[in-house]
Amino acid sequence: LVEDIQPLQSAKIDKTPIQHIAFTAMCAVQSESSVYFGKADGALTGWDFITNAWTWPNDHEVSEHKSAITSMAPLSESMLVTADATGAVCIWNVGRRSPALAKTLVGHSARVHGVCVESHTSFYSVGADRVVKHWNVDRGTFTDFTAHDLAVTGCAISERGLVTVGADNFIKLWDARAGVE
């Protein structure tokens, strides 16, 4: 255990009552100073490390999800993808002073455990329904395949393709276009 590592910057973010709801997911957009958080009540919020303030000054958060945000990832410099415990997936435009829901995508029949971005127009989501969904953002459509015998608990894009991990204790590398291991 390395004990001499110190945070470059920290901020206590319990300045407002909305923070009594637990954070359940987090992601950062590399070109911004903001970090975005999903919360147990389905809300999305952000913190700006340059201003040491909430990213969105009025309400501090937006909400479309009906349950906890379980996973999130940057889709582009101004867009985020979030997923929740009911299986819903949302696309958000966060590159403005008031964030806006761009799309709600429906496809999973159970909790979404992970999302990973392939490009600014496509991403994957995986979940408790054992399915991998490959989403086309522009059309709001998906192709899918059953990936594991139990819940798919995570996904990542590697140089060799899509990688999934499941509750069945398998890690699988996929030719994503064909849905073939």
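This is a predicted model: local features need pLDDT of at least 70, side-chain atom pairs count only at pLDDT 80 or more; totals for chains, interfaces and linings use all residues.
**Entry 1: aromatic rings**

I began with the rings and found Phe-123, Trp-135 and Phe-142 linked into a cluster by ring pairs. Residues are numbered from 1 along each chain as its sequence is written, and side-chain values use heavy atoms, with hydrogens and water left out.

My rule for rings: those of Phe, Tyr and Trp (its six-membered ring) pair if their centres lie within 6.5 Å, and planes under 30 degrees apart count as stacked, over 60 as edge-to-face and the rest as tilted. By this rule I get five aromatic pairs. One of them joins Trp-47 and Trp-54, edge-to-face, with 4.9 Å from centre to centre and 90° between the planes.

I then looked up accessibility, where buried means under 20% relative accessible area, exposed over 50% and partly exposed in between (1.4 Å probe, protein chains only). Trp-47 is buried at 2%, and Trp-54 is buried at 10%.

Next came Phe-145 and Trp-174, whose ring centres are 4.8 Å apart with planes at 55°, so I noted the pair as tilted. This pair links distant parts of the chain, with Phe-145 in strand S13 and Trp-174 in strand S16, 29 residues apart. Helices (H or I, at least four residues) and strands (E, at least two) are DSSP runs, numbered from the N terminus. Both Phe-145 and Trp-174 are buried.

**Entry 2: the salt bridge**

How many salt bridges does the structure hold? I found one, with the term meaning a side-chain nitrogen of Lys or Arg within 4 Å of a carboxyl oxygen of Asp or Glu. The partners are the side chains of Lys-133 and Asp-144, at 2.6 Å from N to O. Lys-133 lies in strand S12 (residues 131-136) and Asp-144 in strand S13 (residues 141-146), so the pair ties together parts that are eleven residues apart in sequence. I see Lys-133 as buried, at 3% relative accessibility, while Asp-144 is partly exposed at 40%.

**Entry 3: the strands around it**

Two strands pair if DSSP finds at least two bridges between them. Val-131 stands opposite Thr-146 in S13. The hairpin of S12 and S13 has four residues between the strands, and Gly-140 there takes a positive phi near 75°.

**Entry 4: Ser-125**

Is Ser-125 buried or exposed? Ser-125 is buried, with a relative accessible area of 0%, and I placed this residue in strand S11 (residues 122-127). Its side chain makes a polar contact with the side chain of His-108 at 2.7 Å, and another with the side chain of Trp-135 at 2.7 Å. A polar contact is a pair of N or O atoms within 3.5 Å; within protein, one must be able to donate a hydrogen and the other to accept it, and residues adjacent in sequence count only if both atoms are side-chain atoms. Leaving aside neighbours within four places in sequence, Ser-125 is in contact (heavy atoms within 4.5 Å) with residues including Val-89, Val-112, Gly-114 and Lys-133.

**Entry 5: an open sheet**

Last, I looked at an open sheet of three strands, ordered S14-S15-S16 with antiparallel pairing. Strand S14 (152-158) and strand S16 (171-174) stand at the edges with a single partner strand each, so one side of each is left without a neighbour in the sheet. Six bridges join S14 to strand S15 (residues 161-166), and Val-152 stands opposite Gly-166 in S15.
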